[in-house]
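Please keep the structure in view while reading.

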Amino acid sequence: MDRRELADFLRRSRERLRPQEVGLAAGPRRRTPGLRREEVSQLAGMSADYYMRLEQARSPQPSTQLLGALARALRLTEDERDHLYVLAGHRPPAGPFAGEHVRPGLLYLLDRLQETPAQIIGDLGDVLARNAMAEFLFGCVCTVEEPDRNIVWRWFTDPFVREAYPEDEHELYSRMHVADLRAAVARRGPDAAASALVKRLREASGEFARLWERHEVAVHRTSRMRVRHPEIGMIEFDTEALLTPAEDQRLFVFTPPPGSPSIEALELLRVIGPETVHRSHM
C-alpha cells in the first residue's frame with residue numbers, strides 16, 4: 001500500500017469532481033474545489049473520519065469493497081479504478097469479458113499476419129478466430145466451428161488430435177491445458193460456462209479428472225511446441241500469447257525458432273496449405 005500516493009490520488013480525484021456531477025447542489029458559499037471530504041464519505045457509505053485518514057495517509061489498508069465504493073463515488077474510469085486498487089495494495093478487478101465477440105481490429109491484425117500462424121483463443125480454450133496460416137496448420141485438428149472449437153475438450157476426448165503432437169510430449173500438453181484452464185476458472189469466479197466445461201471434462205476423461213485434482217496453475221504465455229503436419233512433417237514453433245483488450249481472450253502467434261529448418265517448412269506450408277485444407281474438407 002502506497003499511502004502517500006493513495007492520499008494524493010483521492011484528494012485530486014475529489015477536487016476534480018463537481019457537485020452537480022453527483023447530484024449535489026454547489027451552493028453559493030462553497031469554497032472547496034470539487035467535493036468536500038464528508039460528501040465523498042457519504043456517497044461511498046463510509047465514515048467521514050476514515051475517509052479523512054485516507055487522505056491524510058494514516059489509515060489502515062482499505063478493503064476491496066471499500067475501494068469499489070470509493071471508485072463509484074468519485075466516478076472513476078476503469079483505468080482510474082485499477083490505479084486506486086494498485087495504490088491501496090490490491091489486485092484490480094477483472095476487466096470486461098468479450099465472450100465470443102472478437103474486435104474488428106484483432107480480426108484485421110490476423111489477416112495481416114500472412115506468413116505466420118496466429119489465432120485468438122478464449123480463456124476456456126475456445127478457438128474464436130484464426131488466420132489462413134493457422135488454418136493450414138491446425139485445420140485438421142481443431143476448428144473455429146462448434147462443437148469442435150474447444151482445444152481442451154478435443155485434447156482429452158478425441159485421440160485423433162494427439163496424433164499431430166509427439167507422443168513423449170502428451171503428458172506435458174495435458175498438464176499445460178489443465179493448469180491454464182484452472183487459472184481461467186479461478187479468474188472468472190462463479191461462472192456457468194466454466195463450471196459446465198469442467199464438469200463435462202471430468203466426466204468424460206479420467207486423465208483430466210486426475211490432473212484437475214492436482215490443482216496445478218500455470219497461465220500459458222510462452223512455450224516451445226512441435227506439430228506434425230500431414231504433408232510437411234514436424235514443424236517446431238515458439239508460441240507467444242499476447243494480451244488483448246478483453247480479459248478472456250488472447251492472441252497466440254506461432255513463429256519458427258531463428259535459424260531452424262522450421263523456417264523453410266513454414267514457407268512450404270504457406271505455398272501448399274490451401275491444397276491440404278481443400279483435400280481435408282472434401
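The largest cavity has 29 lining residues, and those nearest its centre are Gln119, Ile151, Met176, His177 and His220. A cavity is a set of points, on a 1 Å grid over the protein atoms alone, where a 1.4 Å probe fits but cannot get out, and lining residues have an atom within 4 Å of a point. This is a predicted model, in which local features need pLDDT of at least 70 and side-chain atom pairs count only at pLDDT 80 or more, while totals for chains, interfaces and linings use all residues. Residues are numbered from 1 along each chain as its sequence is written, and side-chain values use heavy atoms, with hydrogens and water left out.

Two or more lining residues come from each of strand E1 (118-122), strand E2 (127-130), helix H8 (151-157), helix H10 (170-188), strand E3 (222-229) and strand E5 (249-255). Helices (H or I, at least four residues) and strands (E, at least two) are DSSP runs numbered from the N terminus. H10 contributes the most to this lining, with 5 residues. The space in the largest cavity is about 450 Å³, a volume being the space filled by probe spheres set on the points, which are joined across faces, edges and corners.

Elsewhere, attention turns to a helix pair. Arg37, Val40 and Ser41 of H2 meet Ala48, Tyr51, Met52 and Glu55 of H3, where contact means heavy atoms within 4.5 Å. These contact residues comprise 4 nonpolar, 1 polar and 2 charged; Ala, Val, Leu, Ile, Met, Phe, Trp, Tyr, Cys and Pro count as nonpolar, Asp, Glu, Lys and Arg as charged, and the others, Gly among them, as polar.

Note on methods
1 Å grid on protein atoms, 1.4 Å probe; cavity = no way out; pocket = protein on both sides within 12 Å on 5 of 7 lines; lining within 4 Å.
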